[in-house]
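Work through the exercises below with the structure open beside you. Try each task before reading its solution.

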Amino acid sequence: MQDRAKVIFGNVISDKAYKKACKTKAKNMKKYGDDSNVDYNIVLEKNQHIGDSLGVVDVLLKDGYCQEQWDTDKGIIVGNIRMGFGHYRISMAMASCAKAMGYTPYWMDLNGYPQTTCTKVISAQNELYSLGSRLSKNALFNKLVWEPVNYEGFRALTYNSSDQKNAELMAPVYKNVPKDIPVIGTHVWPAQAAIHAGMENVVNAIPDNWPMALHYAQGAVHTIQCRNAYMGYRICNGMNKSSMKENAKDPVCNPMPASDLVYTGHYIDHELVVNLEADCDARVARKREGKPMRFLLTIGGAGAQKEIFAAIIKYLLPQIREEKAMLYVNVGDYKNVWDDLLDEIPEMKDVAIEHFNQFDDTTVFAEAAIKGTVTGIHAFYHENIFEAVYCTNLLMRSADVLVTKPSELAFYPIPKLFIKRVGKHEMWGAIHAAEIGDGTLECRDIPHTLQMIDLFMNDDKLLEDMCENIKVNKSIGMYDGAYKVVELAMGLKNKK
């Protein structure tokens, strides 16, 4: 078998870069151990938090008897990692659509097995990425380090070479998984690890529409959410950096095979897709009736954009008191972010209601808000990661405008106000949303963010136009990506 770190879609990696990749793997083995000979016991358990709503069964590596049995006919693995909320969110969309299509979604979080080399390597990378996100608030660091790394550094095939070597250390977690069960990787590492472990039917669901070699899992079928990303991924555009081949002068790469790349559309949960028209009509009706405009703020744990959200809250407070606007604020599983906002804006305490660690209450509230009246500020915090992430999905249906950075949420079918990105690759999410008409341009400073708040509040057409565009987009299948990924994964198995 060809070493996937040495030759990537027919592109030969230089000896220098390959040796560096091997050294990185050896360094990680020395630091985090080598468990390639460990025989991990697998226990299947219904997920206690989203098992009922999404049908999720956890794949756990621990001692004990496995009471649940693999559904080898209709089972499908959603392989993911906890690195921010994005990959969990995409995984939930896959699980939701898998359940709706009659399949059993198995949840494999490769960052959730602390005894394994796999999780130790991923956790270290996650901590490094979180640190970079926080440091990106420094303009000089952002310009000279963070944006170049996220935009061009991850783009190089040599980066993929190094990742492939590290993914070999992640393969043991799949050792006792039936090899013919389809795997959907919502991050490249679960897909790469599955390939190295001999899994036979692997789909690599690429999250970003800025083509980067980071996202390649050679041996899997790759899916993309946007057509504008197709050619960049297909021809490995701009990925032949000077460090790849000795004395390389030709910037042109060999393309990946056509059968390895499929456009599917946006990865969206079944619950949001089937209720899309009704939810959009409700937004337009609330606007026409002069009801409080509902803004949903989703805040990440790195706190890189906390200042922007604080500015929005301060700006909207008078209109919240006058019941012209209202806020949902989801701080995920980072209560410190909400505490910091309260310290900075103590005057919002008298209009804020906290929904903390009460997921049943959150679910009931979100359902009632779809047709009911909501005022003030409602803050949401859930210690459990599943509840923290899915809370945004629950609130999305009754929200009018989602305020978010242009990352994975850029693809969701709700009017969106995009604040400043964290990493230059994210800017393409806002560009795509503006092109299809369901989101604003990226507002890269607070004044432009507040300008868009005013437009949503006072303009008679902006919200309505976005809602109409969302309905048109649905009619051409733009939000059907998760269904198609599941269909593709199961199709690989059925062909064989």
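An axis here is a line fitted to C-alpha atoms, for helices over the stretch in contact, and angles run from 0 to 180 degrees between N-to-C directions. The model is predicted. Two packed helices are described by the angle between their axes and the distance between the axes.

**Exercise 1**

Task: Describe how helix H6 packs against helix H7.

Solution.
- Step 1. Locate the helices: H6 covers residues 157-168 and H7 covers residues 188-196.
- Step 2. Their axes come within 9 Å and cross at roughly 60°. That angle makes H6 oblique to H7, because angles under 35 degrees count as roughly parallel and 65 to 115 as roughly perpendicular.
- Step 3. The crossing of H6 with H7 is right-handed.
- Step 4. On the H6 side the contact uses Asn160, Asp163, Gln164, Ala167 and Glu168, and on the H7 side Val188, Trp189, Gln192, Ala193 and His196.
- Step 5. Sorted by class, the residues of this contact are four nonpolar, four polar and two charged.

**Exercise 2**

Task: At what angle do helices H4 and H5 pack, and which residues meet?

Solution.
- Step 1. H4 spans residues 117-135 and H5 spans residues 139-151.
- Step 2. The angle is about 140°, with the axes 10 Å apart. H4 and H5 are therefore oblique to each other, because only angles over 145 count as roughly antiparallel.
- Step 3. The hand of the H4 and H5 crossing is left-handed.
- Step 4. Tyr129, Gly132, Ser133 and Leu135 of H4 meet Phe141, Trp146 and Asn150 of H5.
- Step 5. The contact of H4 with H5 holds four nonpolar and three polar residues, and no charged ones.

**Exercise 3**

Task: Describe the packing of helix H11 against helix H16, and give the classes of the residues in contact.

Solution.
- Step 1. H11 runs over residues 306-321 and H16 over residues 446-458. Their axes come within 10 Å and cross at roughly 40°.
- Step 2. H11 and H16 make a right-handed crossing.
- Step 3. From H11 the contact takes Glu307, Ile308, Ala311, Ile312, Tyr315, Leu316 and Gln319, and from H16 it takes Ile446, Thr449, Leu450, Ile453, Asp454 and Met457.
- Step 4. The classes in the contact of H11 with H16 are nine nonpolar, two polar and two charged.

**Exercise 4**

Task: How many cavities of 30 Å³ or more does a search of the whole structure find, and which residues line the largest cavity?

Solution.
- Step 1. The search finds two.
- Step 2. The largest cavity has a volume of about 50 Å³. Its lining consists of Leu272, Leu276, Asp279, Arg283, Met396, Arg397, Pro413 and Ile414.
- Step 3. Helix H10 (residues 276-288) gives the most to this lining, three residues. By class the lining has five nonpolar, no polar and three charged residues.
- Step 4. The second largest cavity holds about 30 Å³ of space. Ile206, Pro207, Asp208, Asn209, Ile224, Gln225, Cys226 and Ala229 line this second cavity, with five nonpolar, two polar and one charged.

**Exercise 5**

Task: Which strand supplies the largest share of the lining of the second largest pocket?

Solution.
- Step 1. The second largest pocket has a volume of about 260 Å³ and is lined by 16 residues.
- Step 2. Nearest its centre lie Asn47, Asp58, Leu60, Trp107 and Phe386.
- Step 3. Strands S3 (42-46), S4 (57-61) and S6 (104-109) and helix H14 (385-396) each supply at least two lining residues.
- Step 4. The largest share, three residues, comes from S4.
- Step 5. By class, the lining of this pocket has seven nonpolar, five polar and four charged residues.

Terms used:
Residues numbered from 1 in each chain as written. Predicted model: local features only at pLDDT ≥ 70, side-chain atom pairs only at ≥ 80, totals over all residues. Heavy atoms only, no water. Helix = DSSP H or I, 4+ residues; strand = E, 2+ residues; numbered from the N terminus. Left-handed = near helix turned anticlockwise from the far one by under 90°. Contact = heavy atoms within 4.5 Å. Nonpolar A, V, L, I, M, F, W, Y, C, P; charged D, E, K, R; others polar. 1 Å grid on protein atoms, 1.4 Å probe; cavity = no way out; pocket = protein on both sides within 12 Å on 5 of 7 lines; lining within 4 Å. Points joined across faces, edges and corners; volume = space filled by probe spheres on them.
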